[in-house]
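Work through the exercises below with the sequence and the structure at hand. Each task is followed by a solution in steps.

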Amino acid sequence: MAAHRCSHLGCVLLLFLSIILVTPSQETNVGNEQHPGVADDPRAGAETKQTAEEPAADERRWEETEVKESQQQVSDTAELPPKLQAKEDFQEELVIRPLHSGDIYASFQFRTVWETDFMKGNKVSHYRLFPKSLGQVISKFSVRELHISFTQGYWRTMQWGQPFIPSPPGAELWVWFQDSVTDVDATWKELTNVLSGIFCASLNFIDSTNTLQPSASFKPLGIGNVTDHRFLRYATLPREIVCTENLTPWKKLLPCGSKAGLAVMLKSEKLFHSSFHSQSVHIRPVCQDWQCKSPSWELRQALNVVFDLHTSGQSKREWSLFKMFSRTLTEACPLASSSKIYIDITDNPQEEQFELSPATPLLSQAVVLGDRRTYSVYDLTQQVTFGTVRSLNLMIRWKSSEGDMLRPLLHAERYVAGYGLQTGEIHTLMYNNHPFRSFPVLLLESVPWYLRLYIHTLKVTSKGKDNNPSYIHYQPSKDRERPHLLEMLLQLPPHSVTEVTVQFERALLKWTEYTPDPNHGFYVGSSVISSLVPSTVAMDTNITMEQPLFSSFFPCKEESSYFVRVYTEPLLVNLPTPDFSMPYNVICLTCTVVAVGYGSLYNLLTRSFQIEEPNPGLAKRLANIIRRMRGVPPL
Amino acid sequence: MGLLSDPNRRQALINLLTRLNAPICFVCYFAGVAWFMGLAFEPFTLRTYMSENAMGSTMVEERFPAGERALATGREFAAHKKKVGGMPVDWLVKTMQARGLEVFTQSFSRTLPFPDENTERYVVKGTNVYGILRAPRAPRTEALVLSAPCTPGDNNNQAVGLLLGLAHYFRNQVYWAKDIIFLVNEHDLIGMQAWLEGYHHTNVTGMDWSPLQGRGGSIQAALSLELSSDVITSLDIVLEGLNGQLPNLDLANLFYAFCQKIGVLCTIQGKLQRNDWDSVSGYNHAVQTMMLMVMKQASGRPWGDHGLFLRYHIEAATIKGVNSFRHYKTDATTIGRLLEGMYRKLNNLLERLHQSYFFYLLPSLSHFVSIGYYMPAFGLLVVILLLRALDLWVQLTAQPSRTEDGTSAAEQSSPGVLSVLTPLVISHLTGAALYMLPVRFQEVAVEHFPVSETEAVVLTAIAVYTAGLALPHNTHRLLSGEGTETGWRVLKLVALLYLAVLLGCTALINFSLGFILALSLVPAAAFVTPHLPKALSAFFLVALSPACTLLFSVFFFQELQEMPVSFQDGWLLYLSVIAQGMLDHYLYGSLVFPLVALLVYPCWLLFWNILFWK
């Protein structure tokens with residue numbers, strides 16, 4: 001039995017290792033258009049030509065490839081001087097995707113790669129592009145990988161599709177430590193406090209009661225083969241509120257700060273006037289070259305924001321960089337080797353949905369999240385991009401106004417069922433909307449200790465039948481020490497809803513353990529669903545229409561599935577709460593009841609009563625007192 | 001308590017209590033009633049005040065402009081409703097989507113245990129439509145609900161119109177911190193029950209509903225809107241919910257504060273507030289308002305769609321637009337602004353509404369009676385039962401010592417237990433029959449008698465109830481020997497304590513019900529003995545029984561509403577009220593019917609038993 005379990009575990013590990021190896025390579029496809037992109041691009045361009053069947057499209061493709069080469073030359077020359085020391089490289093880009101609902105999604109990514117090694121005891125003291133504060137953190141705490149995100153709002157998968165970098169509401173931090181760290185918990189505690197200072201967030205509230213060690217859900221995204229989850233720590237703070245004080249230190253980590261480049265658009269009054277805001281920092285070791293002999297460190301800063309069409313209070317449906325960020329672009333960051341803006345025009349090949357101005361001749365195609373997308377590219381390192389007015393103000397004008405619900409292949413929701421303050425039930429629903437393929441998901445649920453899970457009531461059903469998880473990792477909670485951790489590997493049948501339910505009992509806290517606002521409720525962090533989802537490219541069955549027949553018999557392996565992480569909404573649970581508004585009254589009442597009621601009743605019940613002698617008269621008592629003073633026995 | 005540890009003084013106290021028992025009881029009864037009536041007198045009550053800081057000091061500005069457009073939407077809704085002949089689901093979905101909401105539907109069906117003749121329902125099938133306004137940058141943990149029932153006929157179209165208008169306006173605002181759910185529920189309470197059960201994934205009443213697709217986290221507060229005319233003269237707030245539960249007083253305060261601010265006439269129980277508290281008519285007015293609240297609360301039924309929210313610890317109220325013949329009219333824009341203001345304040349809440357009172361009576365919207373003030377009235381009534389029990393206890397303990405015969409005393413107590421247990425069991429079985437039989441045997445009754453199902457159920461209930469009165473003679477035969485003097489005393493002692501506990505528990509949950517039951521049952525319980533003239537006291541005892549209390553309450557309620565009815569109509573109303581009470585239990589889980597059938601009625605039967613003790 002144990003061996004069987006082990007083999008399962010092995011399978012899971014293998015599976016997720018493969019996920020991790022697949023994901024970054026795809027992301028680099030999107031991110032840097034250099035080596036892998038070039039190989040991919042001509043084919044993509046050819047496709048555009050076939051569909052557009054106009055000489056204009058031909059011209060586009062031609063220009064694109066040429067620009068690519070020239071840009072590469074530029075970057076090569078830019079990289080020449082620092083070759084003497086460790087090579088550093090900074091790229092910035094902005095992806096804008098008009099969403100189905102009419103909202104607009106802007107995703108900034110800033111990437112610094114530094115060919116240096118913090119480990120092996122060598123002291124790094126000279127910093128150029130890489131922020132020193134983070135470099136010191138990496139070397140001091142022997143961090144191998146660090147992912148931190150601050151999110152305000154909930155990503156609406158049903159309306160917006162998948163984000164490029166998913167994150168749960170509030171703060172999320174997960175760190176892989178080097179295997180040289182001896183006391184992981186102490187290092188983790190210290191690290192959270194340092195990060196709390198760096199990002200001006202209440203990460204110092206991370207302690208053992210909300211720290212997890214997931215066994216399978218979070219695998220290292222960078223190179224390295226240590227997957228022992230003793231070196232992993234994961235924590236979320238669902239209540240963390242993200243605002244400008246977190247944005248400012250985040251911007252300070254950029255080489256150009258907010259002085260030049262894309263970062264000038266990060267104005268807090270606009271970024272926090274949106275439906276969704278998320279900023280994150282990811283540090284991981286990556287390969288220096290294809291031989292991968294020595295690692296270099298990648299720092300990726302991402303900022304995702306969704307602007308709402310309705311609340312902007314405008315009658316015309318149009319967006320521009322100025323409207324979104326109250327700034328236009330005039331230059332790229334001088335330190336950046338590449339600085340680009342991508343606009344997703346996949347749904348808009350003939351400009352029937354929206355109109356984009358100024359138009360760009362550059363097109364790019366990439367497979368993002370299992371879908372082949374087409375992007376218009378604006379290269380900020382080219383002066384041509386800014387035109388005669390020397391400023392770039394991209395504008396999108398909508399023509400149609402259709403906002404329909406999407407059917408994303410995988411989405412999830414979670415809620416608390418039941419009423420009353422004694423028990424409840426947590427329901428986690430996972431939807432597989434794929435018409436004919438089932439796929440596995442890893443579900444990670446973490447529940448604070450004050451909700452006592454009745455794990456025997458755990459039930460997984462899909463399509464009305466029990467769905468047995470092939471792998472379960474459950475770590476029971478300890479009161480005031482650690483939370484419940486439940487990880488399950490589940491197979492979601494095609495076109496189905498899988499429901500995971502577990503009952504819980506609400507604990508009565510000690511009176512000092514309540515928050516200052518106990519009637520607000522207590523938060524339960526998002527559950528995390530990690531999965532390999534069959535890609536829509538592979539799902540496309542009439543692809544044979546556009547491709548040569550010989551190329552399309554077997555589905556392409558690389559694109560057949562892609563990695564998705566979905567976060568459910570956090571829960572707000574009310575616990576039985578005493579009335580704190582009148583502690584004095586309560587104390588008085590309790591004391592009175594105990595003293596008067598209980599005391600005298602106890603007296604009445606336990607004492608035996610006797611009739612005492614009638615009281616002596618006053619004269620006799622006086623006489624007795626005098627006699628006592630005289631030392632004579634009383635009367 | 002030193003008083004009691006001294007045997008002499010204890011004896012003296014007990015002697016006093018037993019000697020003056022009857023007068024003290026009379027005084028207590030009248031003091032209780034007088035105290036209760038005094039609660040409506042304004043100088044004895046407290047002014048309402050906003051306890052919740054998040055709602056009190058923050059200022060909001062109301063800007064809702066589109067009342068006319070909302071009414072136009074309402075007319076469009078009415079046209080579609082007429083065309084479809086029910087709830088225009090597709091139109092609602094499309095309209096809500098156009099306003100930028102996430103729209104979901106829920107279908108439900110319910111077969112009533114017996115046909116409801118008031119609303120002509122038996123098999124109910126319907127669909128709820130709701131749209132969620134997602135608050136920007138909020139993690140879907142908290143929500144507010146605004147609902148409007150879709151009623152058949154021409155009613156309530158304006159409410160739906162205003163709801164859609166508010167949805168449109170709210171969607172364009174940036175300040176929301178909680179999701180707002182706009183719900184249009186079909187078949188009013190049944191639809192609401194289905195939606196709430198679906199939202200919280202519970203099934204209390206055995207209804208069929210399809211699971212909900214979208215949620216907004218834990219609901220903090222809810223308002224239900226009823227509006228049937230384009231202009232209104234006043235707004236009425238309804239607070240009484242299922243089982244007499246009330247929302248937090250701050251919700252009523254919030255409504256009152258905004259009515260004052262915007263200048264809308266506001267009423268409670270349909271009664272305006274008057275300033276002449278020192279005149280007799282002013283006092284009468286306050287008493288009427290308070291008594292209406294007491295009667296409504298005692299009925300234990302939800303008096304609006306909000307009533308079902310309270311089970312889930314969601315503060316909720318129904319706001320009704322009233323159009324009467326006053327000069328001063330309020331248009332839809334003003335009502336929209338009022339609702340906007342209330343929602344903005346609720347949106348500001350950091351915690352659930354919990355600061356103010358949950359147990360209160362309202363003689364007017366500006367004054368309230370808290371639990372600390374009204375409980376003594378009830379306490380004075382219940383203390384009578386304890387005094388009588390003490391009296392009996394003293395008599396029972398004194399008797400054996402007076403006879404000075406140990407053996408006979410021991411023998412006397414053994415049939416005592418049996419003589420207590422038998423009537424207890426039998427009367428509770430009667431109660432169980434009263435609870436079970438009417439619905440179970442409706443088909444049999446319909447077959448054999450020329451009545452409809454509803455009549456069959458109600459008449460069966462009355463028949464079982466009356467049959468219970470015939471039981472004492474049968475109970476008596478089951479006893480081993482002749483009923484003794486001690487026997488009935490023990491039985492009465494048990495019955496008195498039973499009633500005291502029962503009423504006490506009821507009053508803690510639903511004060512009004514407890515108080516009304518105490519008003520009628522306490523005199524009956526206190527003075528019943530086998531030695532009274534049978535016919536006269538039997539008449540009085542029946543007149544004070546729960547069923548007759550209900551009959552009087554029906555007439556009294558009509559009187560309070562200034563709609564007196566003839567005896568004939570009153571009787572028909574009485575029958576429909578019984579049917580309604582049973583339906584409330586089966587449909588929404590109201591506890592009044594089982595409480596009366598399973599506990600109060602058997603308890604009363606014990607006293608009936610004592611009267612016919614031989």
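**Exercise 1.** With which residue does A:Glu413 form a salt bridge, and how far apart are the closest N and O atoms?

*Conventions.* The model is predicted, so local features need pLDDT of at least 70 and side-chain atom pairs count only at pLDDT 80 or more, while totals for chains, interfaces and linings use all residues. Residues are numbered from 1 along each chain as its sequence is written, chains are lettered from A and ligands numbered from 1 in the order in which they are written, and side-chain values use heavy atoms, without hydrogens and water.

*Solution.* 
1. A salt bridge requires a side-chain nitrogen of Lys or Arg within 4 Å of a carboxyl oxygen of Asp or Glu.
2. The partner of A:Glu413 is B:Arg215, with the closest N and O atoms 3.9 Å apart.
3. A:Glu413 belongs to strand β15 (residues 410-417) of chain A and B:Arg215 to the loop between β6 (208-209) and β7 (218-226) of chain B, so this pair joins two chains. Helices (H or I, at least four residues) and strands (E, at least two) are DSSP runs, numbered from the N terminus.
4. Both A:Glu413 and B:Arg215 are buried. Buried means under 20% relative accessible area, exposed over 50%, and partly exposed in between (1.4 Å probe, protein chains only).

**Exercise 2.** Which residues of helix α6 (residues 89-98) of chain B are buried?

*Solution.* 
1. The buried residues are B:Trp91, B:Leu92, B:Thr95 and B:Met96.
2. These residues lie on the same side of α6(B), because they cover an arc of only 125° around the axis; the arc is that of the directions from the helix axis to the C-beta atoms.
3. The face turned away from the buried side carries the exposed residues B:Asp90, B:Lys94 and B:Ala98.
4. Just after α6(B), B:Gly100 takes a positive phi of about 80°.

**Exercise 3.** With which residues is B:Met342 in contact, leaving aside its neighbours within four places in sequence?

*Solution.* 
1. B:Met342 is found in helix α11 (residues 332-347) of chain B.
2. B:Met342 is buried, at 0% relative accessible area.
3. Its contacts (heavy atoms within 4.5 Å) are B:Leu223, B:Leu251, B:Leu254, B:Phe255, B:Phe258 and B:Ile319.
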